[in-house]
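Please look over the structure below.

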Amino acid sequence: MSGKYNFVKPLKVTFRNFSLYKKEEVTEISEEINNGVYCLAGANGLGKTTFLNAINYALTGIVLEPNKEVLIPDEIIKSNKQYTERYFQGRISASDKDTAEIELLLKINNKFIRIVRAFSNREGLRLFEFYEEQNDKKISLINTNDLSPNELLNLYQETLTNEVGIGKFSYYIFFQLYVLSFDENRRMLFWDERASTSALSIAFNENIEDTERVLELKKKMEEYESYGRNARWQATQIKNEIDKLLETSHQRENNNFKLLEEEYHELISSIENSQKIHNEINIEYDTLLKRQNILNSEILQLKINYKRLFSKYSEPRSSLINNPNLQIAKRNNACFLCNAEGHHVIENIEKKLYSHSTCPVCDTAISNDDIEKQASLMNEIKNIDKQLDSKNRELEELMFESETKKVELDKKYIELDRLKSRLNKFEKENKNLSFNKTGDAPIDTLIEEYKRQFDKFDKSSINYYEKRDKLSPEYKNLQSKVNKGYKETEDIFVPLFKKFAYSFIGLNLNIYSKIKGKNIALIFELKNTARTASHQLSESQRFFLDIALRMALATYLATKKNPATLLIDTPEGSLDIAYENRVGKMFAEFVTEYNQNIIMTANINASQLLVSLAEQCGNKKMKFRRMLDWTELSEIQKEGESLFNQVYDNIEQKLKLKDEQAN
């Protein structure tokens, strides 16, 4: 499954009549995108984020709305359409509205795609070309003559989908916007189960039909659940109206009733919260047990290897080991020469047999045709001894941690069980608190009508939930296929993530997939402990480990001839100084060692991230562009222009220095 998709490589981006990027009558900005890192740097407010969003808009026709939950692929366009249409309004003046456009030149499968998209009309293209180049001549691969803007768009989407090999354009939109882009909204793949479910389904399904079906079923199940929830809400609202009417009952005027009602809701809330914490602790405990099993397996394998090597090492000494006198001594637990007794006597004899190259009695050299081989075997045995010692210590620590976690889990279970028992007892003791009638005939008639409405919505809710549950077996089967597909790739994909993550954080991490309800979650382990909630890491750790995950996915899924391009709005402000160099190293590995690409934005400041990146990439793998050439600076920004120039010059020097060292 590695090398599953042919990703597009942006070669050139051109803005025309884009008001935000106008400077001294310049109406066209054209940027050639190099292989490796293309870094657009500038002060705040110059439009760096807009640059990335505009590229994604050109590719997909969509700009994602901030602070919105991650959607399944087929919902993205519908949900973000209006926001996309509004997004560029403040960045393009009224006079430029009709002429403002973006042009992209893309490369995929040694073919070229050229598109022009207006910012005022996301539902059509002004130009679409698909061609090859042979002997410096452009050879068209598709006829676009006399096609309307909408027809050009449909043809572009169909062509791109086929060339990428992703099945549906909506899947491409999802992958481009949610996986290959890390923008200012900081959407996570870790800790967002909706995002991870769609990403894993597209990335690790064996065939596109299963991908389509699993996402289709998920959409239907979520729709039924939404309808059921809405019907339940309607029923609850009606129930509230009934309760209000029942408040006219004299018994409800009793203060004790309100206290009991408050106690009931507190119990329900406590149970829900306790159940959530119990589930999280259970995942953490399962992770520890899984690690124990792995360690036990590793220890067993080491012991098997130890026994095998020891047997080989013992062969030259077999005549001594099998000596009748030694065998008698072992049975009698006594030395066959001096008759000294005790287990330590036999242990000392055997130790001398294995650790010395001479007979322990007469000091004659033991016959051995290959001394070097014996020495090598002994070194291997000693090495395994050290590994066993290390693994056993690790196992002891892990067992202690597991026992501690088990106690924590048991305590939470007891607390949860106690709360449920309290609720059960409460409901039994107060089963007659809800009254069906108030004694007022008109009000009781209205209550009966409300009850009929309640029953209607209650049945509707149950019906929708039943429809959802009928789809569950097929969906779970497809979930298992995705999970299986992921596990079959763990030996390639997980090491990629570990490597990128280690470059950043300097610790050995791990990830694994886990089915949780309708979703497939990516569980993240740090120091053998599952981090089931985002707050368990610092902000910078969350951001850059999520970028490491995207890098691993992109590297794993990209074909050799069609590497991926990540769009990263660098969250450098969240970084500690100590991590700035490490992020530069992680980014550099992605482009130099794995030949992938990054289009990134960064502030011009004293950060070591860009310096580190420049030192490791050089001009061959990095282009550093500052937006001072595009836009007018504000008065405050002009005051700091000399500082910007110093930072820029420093980075340029690092790029040249890398090139000189390479030569």
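## A covered strand

A residue is called buried when its relative accessible area is under 20%. The model is predicted. In it, strand β10 spans residues 519-526 and is mostly covered. Of its 8 residues, 8 are buried.

Which faces of β10 are covered? Both are. One side carries Asn519, Ala521, Ile523 and Glu525. The other carries Ile520, Leu522, Phe524 and Leu526. Each of these residues is buried, including Glu525.

The partner of β10 is strand β9, residues 509-516. The two run antiparallel and share 8 bridges. Lys516 faces Asn519 of β10 across the pairing.

Together β9 and β10 make a hairpin, with 2 residues between the strands. Gly517 sits in that turn. Its phi is positive, at about 65°.

## An open sheet of six strands

Elsewhere, 6 strands build an open sheet. The order is β2-β1-β4-β5-β6-β7, with antiparallel pairing. Its edge strands are β2 (28-32) and β7 (137-140), and each of them pairs on one side only. From one strand to the next, the twist averages 25°.

Within this sheet, how many bridges join β1 and β4? Strand β1 covers residues 9-16 and strand β4 covers residues 101-108; 7 bridges link them in the antiparallel sense. Pro10 stands opposite Leu106, a residue of β4.

## Helices on the sheet

Helix α1 comprises residues 48-60. It lies across β1, β4 and β5 (111-118). Relative to β4, helix α1 runs at about 70°.

Helix α3, residues 149-164, also packs on the sheet. It touches β4, β5 and β6 (127-134).

## Cysteines

How many disulfides does the model contain? A disulfide here needs two cysteine sulfur atoms within 2.5 Å. By that rule the count is 0. Cys335 is in no disulfide: the nearest cysteine sulfur belongs to Cys338, 3.7 Å away.

Is Cys335 buried or exposed? Cys335 counts as buried because its relative accessibility is 12%. Cys39 is buried too, with a relative accessible area of 0%.

Most residues other than glycine have a negative phi. Asp136 is not a glycine, yet its phi is positive, at about 65°. Where does Asp136 lie? It is in the loop between β6 and β7. Asp136 is exposed, with a relative accessible area of 83%.

Asn595 is another non-glycine residue with a positive phi, here about 55°. It belongs to the loop between α15 (577-592) and β13 (597-603). Asn595 counts as partly exposed because its relative accessibility is 44%.

## The chain as a whole

The chain holds 18 helices and 14 strands. It has 663 residues, and buried ones make up 47% of them. Among contacts with a separation of 6 or more, 75% join residues 24 or more positions apart.

The accessible surface of the chain comes to about 34200 Å². Carbon and sulfur atoms account for 47% of that surface.

How values were computed: Residues numbered from 1 in each chain as written. Predicted model: local features only at pLDDT ≥ 70, side-chain atom pairs only at ≥ 80, totals over all residues. Heavy atoms only, no water. Buried < 20%, exposed > 50% of the residue type's maximum accessible area, 1.4 Å probe, protein only. Helix = DSSP H or I, 4+ residues; strand = E, 2+ residues; numbered from the N terminus. Pairing = 2+ DSSP bridges. Axes fitted to C-alpha atoms, helices over the stretch in contact; angles between N-to-C directions. Contact = heavy atoms within 4.5 Å. Areas by Shrake-Rupley, 256 points an atom, 1.4 Å probe, with all protein chains shown as cover.
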